[in-house]
Amino acid sequence: MEFQVLAEFVRILKIGGNSGIEAPLLQYLSIMIQNVENEHAIYYCFSNGYINSVISHHYEFDGGDLIPYYVSFLRTVSGKIGRDTICLLVKVHQDTAISLPLYDEALKFANHGEKMIQIAVRALTLNIYNVADEMVYQFLTTPTASAYFSSLILNLKNKCLHVDAIINGVKESFHEKKRDLLSETDRILDDFYYLKDILCIPEQRLNKLVTENIVNMLILPMLLTLLNNRLSNDTGLSAITCLYVLCRLLQVFDGTNLVNVIGSAVLFSFMPPNVTDAAESVVSARLEQVNGLAVCYQEGEEMVDLQHEGAENFMMNYVLKHSLEFTELSSCFDSSPLENSENEWGGIFSCIFSRNHSLMLGSLMLLFTVADSKDLHYQLAAKIGFSQVKTASEMIGSTVAGHIQKIVNQLLKVLASEPPLSVPILLHAAWFLRKLLVFLDQKLEDNDCHLFKTSYEVSCGHLYEEFDRCWFDHIPDVLKSEWANCKTALEESSQSKDPFFLLELASIQNPPSGSMAFLLLSSFLLLFIFLLFYLCCLLLKSIVLPPASFLFNISGNTGPAFDWQRMVDCVKVFVLHLQLKPFIFGGDPFDNPLANLKNSYLAQSGKRYPSDLSLASFGSEVALGSGIPCKIAFSGAGTRDIYVIPIAREISGKLLLVERHPLHSRKGVVIAIAPLAGLDPKIDEEHPTWLLVHLRDFEPRLRSDETKTLDSHTSLPEQGRWILGFLSAKDCKAAFSVILEETRKQRSFVENLVAPVLEEKLFK
């Protein structure tokens with residue numbers, strides 16, 4: 001104050017004119033203000049207009065290097081203002097705030113590409129909202145300043161449109177789409193949490209302004225898309241993206257009245273209006289302000305006799321009208337009422353019975369998210385029918401609960417569909433089914449029980465088929481791991497369940513037409529080339545024909561990697577049925593039928609045998625007694641004389657390649673090992689002394705963040721194999737038979753281990 005330091009800073013700014021001076025000056029000012037603790041010093045800093053002069057100075061931001069210093073300075077200033085000092089930064093004309101340079105200048109960088117700058121601007125705005133006085137709030141709610149909130153929602157809608165663009169992208173793979181979707185949805189979530197922070201500020205005018213923008217510009221257009229049963233709205237936003245955004249919004253905006261606005265529209269847009277003339281006159285009357293649905297219900301109860309016929313429908317129309325009366329589109333919900341028919345479904349409920357499984361699951365997700373919200377009004381919760389606050393008798397008597405059986409039947413049809421749907425769809429359908437069965441206080445109809453029984457038997461059959469494939473030795477381990485994974489997934493609450501799965505399913509189910517056309521064209525081209533090559537081979541008999549399996553391999557749907565994922569999917573679907581069974585046929589839902597499997601496996605694996613070849617590893621010395629001599633050629637190592645020893649012990653099975661020990665004629669050293677499962681031995685037709693065996697890894701190569709899921713970047717070998725040359729065709733057949741016998745013993749042990757679980761009766 002004595003040396004007029006701030007005035008000197010302002011003078012330097014005016015004569016500097018380049019970022020080399022401005023950047024360090026802003027940095028020094030930020031450090032100085034940040035370290036000022038004395039109230040009088042803060043008051044002095046903000047008085048006399050010096051800070052406003054620094055803020056309003058004309059900077060050249062074209063280079064971009066100055067922006068971080070400038071925004072950091074603005075944020076530092078906002079961190080020091082309070083209710084007593086913010087008035088010092090406001091420009092006033094005739095007792096009215098006309099400008100707040102700190103706020104106005106910061107908003108110019110609200111959509112900056114740098115994430116840290118966006119965070120700083122939002123932190124600054126929240127600081128101002130929290131300490132604003134009456135004059136500042138009047139300024140913030142003026143049309144000029146409040147345009148920030150509408151632009152915020154517009155940017156949010158653009159991000160939603162970008163989500164749609166990613167889903168329908170032509171050139172990207174699914175993994176690239178998922179990565180981009182995660183990035184874009186994270187940005188949407190950031191916006192939601194920022195808006196929630198604003199709504200948590202106890203200022204009614206600010207809350208009303210933000211809520212109006214959210215409802216008018218975001219919620220209602222999305223609801224109209226769903227309630228009018230359209231796949232997209234006038235802005236091009238798809239129904240799936242609308243469902244995702246609404247679900248996420250409800251999960252984030254807890255403690256607000258938005259859940260009741262959405263709940264009213266979703267639940268009662270399909271209900272037949274039965275409003276008397278007197279009620280219509282009440283509904284048409286305008287209220288000056290909406291203070292929440294609880295007030296609307298209280299007012300409605302005072303206006304009508306709840307025992308009178310049609311009073312309940314009047315109440316719902318009354319609440320819906322007033323919960324949305326400050327919006328421009330509220331009349332749209334009353335424009336096309338549905339007929340008064342118990343079997344007539346409209347709005348969100350018609351989507352539940354859609355043939356589009358993504359749309360069906362998304363609609364259920366929205367309904368469950370509304371139902372599980374702790375802020376949902378009790379009368380809205382009563383209408384849904386599976387809210388946890390209701391008793392069973394109340395639930396069955398409610399409007400929507402009367403149709404829970406139909407929804408359950410729809411989900412059971414998804415589980416029992418032929419051909420089977422993708423595992424993600426089945427997993428999420430099982431989650432919804434379990435949720436409904438928990439609250440359904442009556443037995444399922446015979447048709448529904450038959451659907452589940454059929455689906456259960458099909459899942460058992462698919463799992464039995466995996467015992468003839470290359471990963472059967474891992475089935476017990478995968479059963480145990482998937483039991484825990486499925487249990488965690490099925491018990492997840494609606495509020496914590498990420499609706500991102502809707503976007504994933506949409507990406508899988510609806511590939512862009514251009515991509516599908518390219519895939520079909522590529523497939524036909526490959527098929528044509530192969531057939532042409534095969535025809536040439538037939539004409540020129542000197543050329544060795546490729547194996548017949550080559551035609552199947554070009555599709556990419558064979559090999560250890562594909563077989564592994566198919567096995568895991570079969571196990572997952574079977575486990576889902578096991579965990580749903582107690583809710584359908586009765587029983588203890590906490591009972592784990594795999595516990596006995598685990599104990600049996602541990603008891604067997606604890607045994608030890610003398611001279612157990614199954615324990616042999618690379619470099620081990622083993623007896624050559626049962627080995628069959630042959631030759632094998634390794635790349636770079638020439639042809640080597642070896643012995644083939646297949647050995648199966650309980651769940652373990654190995655094929656040992658053993659080289660004779662130089663000092664012990666009856667012993668050998670293990671030079672290579674392959675798992676028995678998946679060898680699929682074949683005697684070459686042209687060379688009866690050649691035995692071909694296919695190779696797979698002992699363990700799948702997994703991503704570190706997922707259990708038993710193949711790493712897409714490190715796939716298993718598709719064409720690995722050994723060619724073993726024997727002295728005679730007889731030796732070759734003997735080796736072939738021994739390998740098959742040992743594989744049969746290993747498979748038999750695994751089947752016996754798992755049989756009690758697969759053969760468990762549905763009815764106990």
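In which sense do strand β8 and strand β9 pair, and over how many bridges?

1. This is a predicted model: local features need pLDDT of at least 70, side-chain atom pairs count only at pLDDT 80 or more, and totals for chains, interfaces and linings use all residues. Residues are numbered from 1 along each chain as its sequence is written, and side-chain values use heavy atoms, with hydrogens and water left out.

2. β8 (residues 682-683) and β9 (residues 690-694) are antiparallel, with two bridges. Strands are DSSP runs of E, at least two residues, numbered from the N terminus. Two strands pair if DSSP finds at least two bridges between them. Lys682 faces Leu692 in β9. A hairpin of six residues links β8 to β9.

3. β9 also pairs with β10 (residues 721-726). The sense is antiparallel, over five bridges. Here Trp690 has Gly725 of β10 as its bridge partner.

4. β10 pairs with β4 (residues 628-634) too, antiparallel over two bridges. Cys630 is bridged to Phe726 in β10.

5. Now the side chains of β10. Trp722, Leu724 and Phe726 point to one face and are buried (under 20% relative accessible area, 1.4 Å probe, protein chains only).

Terms used:
Helix = DSSP H or I, 4+ residues; strand = E, 2+ residues; numbered from the N terminus. Buried < 20%, exposed > 50% of the residue type's maximum accessible area, 1.4 Å probe, protein only.
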